[in-house]
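Try each task before you read its solution.

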Amino acid sequence: ALKTLGVNAVQARVGDRYVLEKMNALDLDLGGEQSGNIIMRKYATTGDGLVTALMVVEEMLFKKTTLSSIVTPVKLVPQKLVSIEVNNKLAAFNDETFQEKIKEVENSLSKDGRVVVRQSDTEPKIRIMVESSSLTKCDEEIEKLVTILKRKGYVAE
């Protein structure tokens, strides 16, 4: 059995580099992100679509099954991502009220979804991603976080 890693384990960091770093630290074989990047450490240190496709075909042949039977158990849930331009991403991200609201949203979602909030590595932005059972719920939870950023004066004009 493969030892695997999904994006939840990385949380605030995105990109192959961070997924591989966590995979190495935890001695995992397979890791990936929502964006579709899948790393199979035995074959590559970055996401490689061709390797991933070949491994899926190998699994289909080994199990003598179809692609549809392999992906049927995968449950897709609504997801929304917003990028908010801010005038000071470090201060905005670390704001105590904002961090408290993130915890409130996490508790509100509980087992119904998740929230990932991070600073952009390349832009003056805070990225907020919410997954939940409905897009309406995603919008509601994102709005709670954006409202705090606006009220505290972090959102760039």
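**Exercise 1.** In this predicted model, find which residues of α6 are buried and work out how they are arranged around the helix.

*Solution.* Start with the list: Lys137, Cys138, Glu141, Ile142, Leu145, Val146, Ile148 and Leu149 are the buried residues of α6. Now look down the axis: these residues fall within an arc of 165°, so they line one face of the helix. Next, turn to the face pointing away from the buried side, where Thr136, Lys150 and Arg151 are exposed. Finally, see what the buried residues pack against: β4 (79-85), α4 (89-94), α5 (96-109), β5 (114-119) and β6 (125-131).

**Exercise 2.** Check the span of helix α2 (residues 49-63), then locate its buried residues.

*Solution.* The helix has 15 residues, so at 1.5 Å a residue it should span 21 Å. Its end C-alpha atoms are 21 Å apart, which agrees. The buried residues are Val51, Thr52 and Met55. They cover an arc of only 100° around the axis, which puts them on the same side of α2. Gly49, Leu50, Leu54 and Leu61 are exposed on the other side. Among the elements covering the buried residues of α2 is β3 (38-40).

**Exercise 3.** Which helix gives the most to the nonpolar patch, and is Leu67 buried or partly exposed?

*Solution.* The surface patch consists of Val56, Leu67, Ile70, Val71, Val74 and Leu76, with about 520 Å² of accessible area together. Helix α3 (residues 67-71) gives the most, with 3 residues. Leu67 is found in that helix, α3. Its relative accessibility is 43%, so Leu67 counts as partly exposed.

Terms used:
Residues are numbered from 1 along each chain as its sequence is written. This is a predicted model: local features need pLDDT of at least 70, side-chain atom pairs count only at pLDDT 80 or more; totals for chains, interfaces and linings use all residues. Side-chain values use heavy atoms; hydrogens and water are left out. Patches are made of residues with over 30% relative accessible area and no salt bridge: like charges are joined within 9 Å, nonpolar side chains (Val, Leu, Ile, Met, Phe, Trp, Tyr) within 5 Å. Accessible areas come from the Shrake-Rupley method with a 1.4 Å probe; for residues, only the protein chains shown count as cover. A salt bridge is a side-chain nitrogen of Lys or Arg within 4 Å of a carboxyl oxygen of Asp or Glu. Helices (H or I, at least four residues) and strands (E, at least two) are DSSP runs, numbered from the N terminus. Buried means under 20% relative accessible area, exposed over 50%, partly exposed in between (1.4 Å probe, protein chains only). The expected span of a helix is 1.5 Å times one less than its number of residues. The arc is that of the directions from the helix axis to the C-beta atoms. Contact means heavy atoms within 4.5 Å.
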